[in-house]
Amino acid sequence: MNERDTLKINSAGHLEIGGMDAVEIAEKFSTPIYVFDEKHIRDMMRVYKNTIDCEYGGNGAVLYASKAFACKAIYAIAKQEGIGIDVVSGGELYTALKAGFPAGNAYMHGNNKLIKELEFALDSGIGCIVVDSFREADILDELAAVRGIKQRVLVRINPGVEAHTHAFIQTARTDSKFGFGVSDGAAKNICKHVLNKKHLELRGYHCHIGSQIFEKQSFVLAADKVMDFAAEIKNSLGYEFAELNLGGGFGVWYNDEDPKLKIEDYADYLKTVINAIKTKATEHSLKEPYLLIEPGRSIIAEAGITLYTVGAIKDIQGIKKYVAVDGGMFDNPRYALYQSKYTVLLANRALDNCTEKVTVAGKCCESGDILAVDVALPQAESGDILAVLSTGAYNYSMASNYNRNFVPPAVLVFNGKAEYIVKPQSYEDLVRNDLIPERLKNE
Ligand SMILES: *Cc1c(COP(=O)(O)O)cnc(C)c1O
C-alpha cells in the first residue's frame, strides 16, 4: 500500500480513508462503492499548480483530464482549486457546465469530435480546441465564422516519442490515431492550414505521449521535440507559438511493481520538464511558452478505492481459489481490457497475515470478469469487506450496466465524513430509456 495520512490501516486493523473507517463506509453506504479521498485529490491538484507557480513564474496552468473520472463534484473541486480541465466529449463538457465550471477554462480534445460537439463547445464559450484533423480545422473555421468569433486552437503534434510504463521508445514515425507527425511533415502542414484560417487563432502545440509513465526522460524528450518543432516553424513560417500543452501521463502506484511516489515526487517530474523547456527556449531564442499539463490518473487514481463484499468462495482443489465479490468488470473493466494489476486487501482484517493466493472474480456472466489474479490475502470469508486500491481513475468513467448490474455509487470522504457524489442507481434507472414498439405489445 502506498500509505499516506489519509490512506492507512487504523488501530482496529481496518483500512481507513479520508479519516473514515472503510468498514463503516461499507456498512453505511452498502457495497460495491467507490470511495474518494478529497484531501488527496486537492493535494495532487495543488502540487502541480504550485510547481508551475514557483518554478515557472505562474506562466501556465493545470488542466485536470476529466476522462479519468468525470462527475459534477470533481469539476466543483477543480473550480475551487483554480485549475482548468480538458474534456473529450460533449458529455464531459455538459457535466462540467452543470457543475458551474467556466467553459473558458476548458480545452477540448478528440481525434473525431462530432460537429454537434464542436457546435456545443463554441456556443458554450470553450477556452480552446485541440485540432486533430484537417477536416476538423475546416469545420471549426466555418462554425466560428457563422458565430462571428475567432476560436483559439492548438494543434496536436506527434513528436515521435512513445512512452510505456517503465520504458519509452523514440520512433521516427508513429502509427497513432492521434495527432500529426513531425517527421513526415504533417505537423507543419496542419500549422500552415490553420494559420490560413480567418476564424482560428493558432495558440500553439499539444502532445500527449502516453499514460502510466514513470520515466521522466520521456517527458523531457517530448518537450525537447516540440520545442525543436516550434523553432523550425518559427524559422520556416514566421509563426511563433504562445502555448505548449504537454498532456498527461504521469504514473501512479497500483501494486508493488510500481514505484511508490510521494506528492513531492510529482513536483520533481514537473520541475525537470520545466527546466528542459527553459533550456530549449534559450537555445532556440524562443519566448518561454505558456505551459499546460493535463494530469488525469495521477490526480485521481490513488485517491480512489472500491469496496466490495465477499460472497461465494470456490476452491478448485490444487488449481485455483476464486473469491467472488458483489462487483466486477461492470465497475472496473481494466483487468478484462488490459490485464491491469491491482492491490487488494480485506478492509475489515487488514492486519491479518496473507496466507493464500486467490483470484478475485466479479459477478458477471463472463469468465473474463476478473478483478485481480493470484493476489495474496488472508483466508477470506463471505461477508468480508474487500478493498481494491488505486481505482479512482478509469473505473467509474469506464463502468457500464453490463448484465443490468448497477454502476456503483461514489462517495467523497473528507475529515472523517463521507457524502454521496454519485447516488445509487435503481432498477427504474435501468429501464428508463427502454421502449416497446406498439407491434410488440400484441399478445
Ligand atoms: C488521457 C489523456 C490525458 C490524461 O492522461 P493520464 O495518464 O490520465 O494523466 C491527458 N491528455 C490527453 C490528450 C489524454 O488523451
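Two strands count as paired here if DSSP finds at least two bridges between them. The model is a predicted one, and on that basis 3 strands form an open sheet in the order β1-β2-β3, with antiparallel pairing.

**The sheet**

- Strands β1 (7-9) and β3 (20-21) stand at the edges and have a single partner strand each, so one side of each is left without a neighbour in the sheet.
- Strand β2, which covers residues 15-17, runs antiparallel to β3 and is joined to β3 by 2 bridges.
- Within this pairing, Ile-17 has Met-20 in β3 as its bridge partner.

**The cavities**

- The count comes to 2 cavities of 30 Å³ or more.
- The largest cavity, with a volume of about 40 Å³, is lined by Phe-219, Leu-246, Gly-247, Gly-248, Phe-250, Leu-270, Val-273 and Ile-293.
- Sorted by class, the lining of the largest cavity holds 6 nonpolar and 2 polar residues, and no charged residues.
- The second largest cavity also has a volume of about 40 Å³, and its lining consists of Arg-4, Leu-7, Trp-253, Glu-302, Gly-304, Ile-305, Leu-389 and Ser-390.
- In the lining of the second largest cavity, the residues divide into 4 nonpolar, 2 polar and 2 charged.

Technical notes: Residues numbered from 1 in each chain as written. Predicted model: local features only at pLDDT ≥ 70, side-chain atom pairs only at ≥ 80, totals over all residues. Heavy atoms only, no water. Helix = DSSP H or I, 4+ residues; strand = E, 2+ residues; numbered from the N terminus. 1 Å grid on protein atoms, 1.4 Å probe; cavity = no way out; pocket = protein on both sides within 12 Å on 5 of 7 lines; lining within 4 Å. Points joined across faces, edges and corners; volume = space filled by probe spheres on them. Nonpolar A, V, L, I, M, F, W, Y, C, P; charged D, E, K, R; others polar.
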